[in-house]
Amino acid sequence: MTTAQRHESWLLFRSRPALWALLRAGRWTGPVRHVPRVGWLVADPVLARRVLNDHAHTSVLGEGGVGHLWAQVLGDWVTELFDGPGHAAMRARVRDVFTEASARAHVDRVLAPRLAAATATLAAGGELDVADLARVLTGRLVADLLGLPGTTDEQARARFATAERLAALAVGTGASTHLAPATVATARELVAELTAGVADGWAHAGEDRLLGRCRALGLGRRETEGLAVLMAVAGTGTAASAMARTVALVADTGSAPRLLAAPDLVGDAVREGLRVSTPAPVIGRHVTGDTALGPAALRAGDRLLVLTHTVDNAAGGFDLDRPYDPATRQLWFGAGRHQCLGAALAKAELAALLRALLATGRPWRVTGRRAARGVLVPAYAQLRITAARRDAEPRS
Ligand code: HEM
């Protein structure tokens, strides 16, 4: 195991010990295996993609799917928006907000000043906590996307923390996605906090903003609030985790000098960072009808867990020279009709962060790291870096 792989494994273990064990077990279970009280584990790229595209026999609603959690918190109406006919309509309505071009423009507009400040800190010889910076950046971006107030770092951190607390309520639903009444009550309080300004934005925001767009295209206030809370949860912890972990992976594999010499490789660093970190390490589904998956006979009512982290990491560690793999493609963003809506945004954020660090003209090194505990998405709580001194750089 390389140093970078050891750090990643340590991070997963510290953040989510049970998940770490499940993902490791996935290496030995074969392509698909039934585990009592857990469900079907899928650890093969072809079967993973097949099951995520099989909307006739699987659903995100019902025991085992993320929609089941949301329905208990937001109400049964989410069925329509999350996996019913309203789902396709919702995705079609907001598609152009999430293209590569609009994602890049959005990231530039909202994050450029904050990233320039980070570059300046490093260039002046200061220490940067990239984990904190990532929380600030993702908190700012989601607030802007939803047209909510949140212009200071403190506001961005607070919004991130609320979304993280809401997501963390799903920890421990590995065996069942039925939530206890007290958990549902806490979740509803957090949802109210996150959506406090959405009704106003929905009523008054311009059509160039997501909330205004939702209104103009006929999405009701309740559905818009549902989408807003989904974005806040889906788009913060995952992206922040990928950002800090990719920065660590670049340092731990000694790849920063190559990125400095060939900035065109940033796209490869983003892809490799997402592949190795796979911030959504498991995707759950409810089986809605009997069907075969490879050698397995799935029955209606079963649950299954696609071990995306295990599948994505089977190829090996972070490597800028690793070519695009058509088998996994972008499995870290899922597949099928629920494939991540914010994928372009996540990639643009990650690329912008790497470019800001490279703008010092010097490689960075990690001076300290601490794993987050009790979170849904394994992540660094702290990742301190400094730019290498010029006299410490290797001679070529
Ligand atoms: C590195 C960052 C990210 C990763 C790894 C990631 C991963 C994923 C995955 C695996 C899914 C599919 C879940 C399933 O099939 O059950 C998903 C769905 C989703 N993601 Fe992301 N995501 C990221 C960032 C974002 C961002 C920045 C946003 C938006 C601000 C976002 C919004 C969504 C939404 C709305 C869905 C649900 C799509 C649907 O059900 O149609 N994600 N994400």
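**Iron donor, positive phi angles and a helix span**

Visitor: Where does Cys340 lie in this model?
Guide: In this predicted model, Cys340 is placed in the loop between helix 17 (308-313) and helix 18 (343-358).

Visitor: What makes Cys340 (SG) a donor to the iron atom of the ligand?
Guide: The cut-off for a donor is an N, O or S atom within 2.8 Å of the metal. Cys340 (SG) is 2.3 Å away from the iron and is therefore counted as a donor. The protein supplies a single donor to this iron atom, namely Cys340.

Visitor: Why is Arg37 called exposed?
Guide: Exposed requires over 50% relative accessible area. Arg37 has 76% relative accessibility, so it counts as exposed. Arg37 belongs to the loop between strand 1 (32-35) and strand 2 (39-42), and its phi is near 65°, a positive value in a residue other than glycine.

Visitor: Why does Arg329 count as partly exposed?
Guide: The class lies between the limits of 20% and 50%. Arg329 has 39% relative accessibility and therefore counts as partly exposed. Arg329 is located in the loop between helix 17 and helix 18; its phi is positive, about 50°, although Arg329 is not a glycine.

Visitor: How do you know that the span of helix 13 agrees with expectation?
Guide: The expected span is 1.5 Å times one less than the number of residues. For the 14 residues of helix 13 (residues 221-234) this should give 20 Å, and the end C-alpha atoms are 20 Å apart, so the two agree.

Visitor: Which residues of helix 13 are buried?
Guide: They are Thr224, Glu225, Gly226, Leu227, Ala228, Val229, Met231, Ala232 and Val233, where buried means under 20% relative accessible area.

Methods:
Residues are numbered from 1 along each chain as its sequence is written. This is a predicted model: local features need pLDDT of at least 70, side-chain atom pairs count only at pLDDT 80 or more; totals for chains, interfaces and linings use all residues. Side-chain values use heavy atoms; hydrogens and water are left out. Donors are N, O and S atoms within 2.8 Å of the metal (3.2 Å for Na, K and Ca); water is not among the atoms, so sites may look incomplete. Helices (H or I, at least four residues) and strands (E, at least two) are DSSP runs, numbered from the N terminus. Buried means under 20% relative accessible area, exposed over 50%, partly exposed in between (1.4 Å probe, protein chains only).
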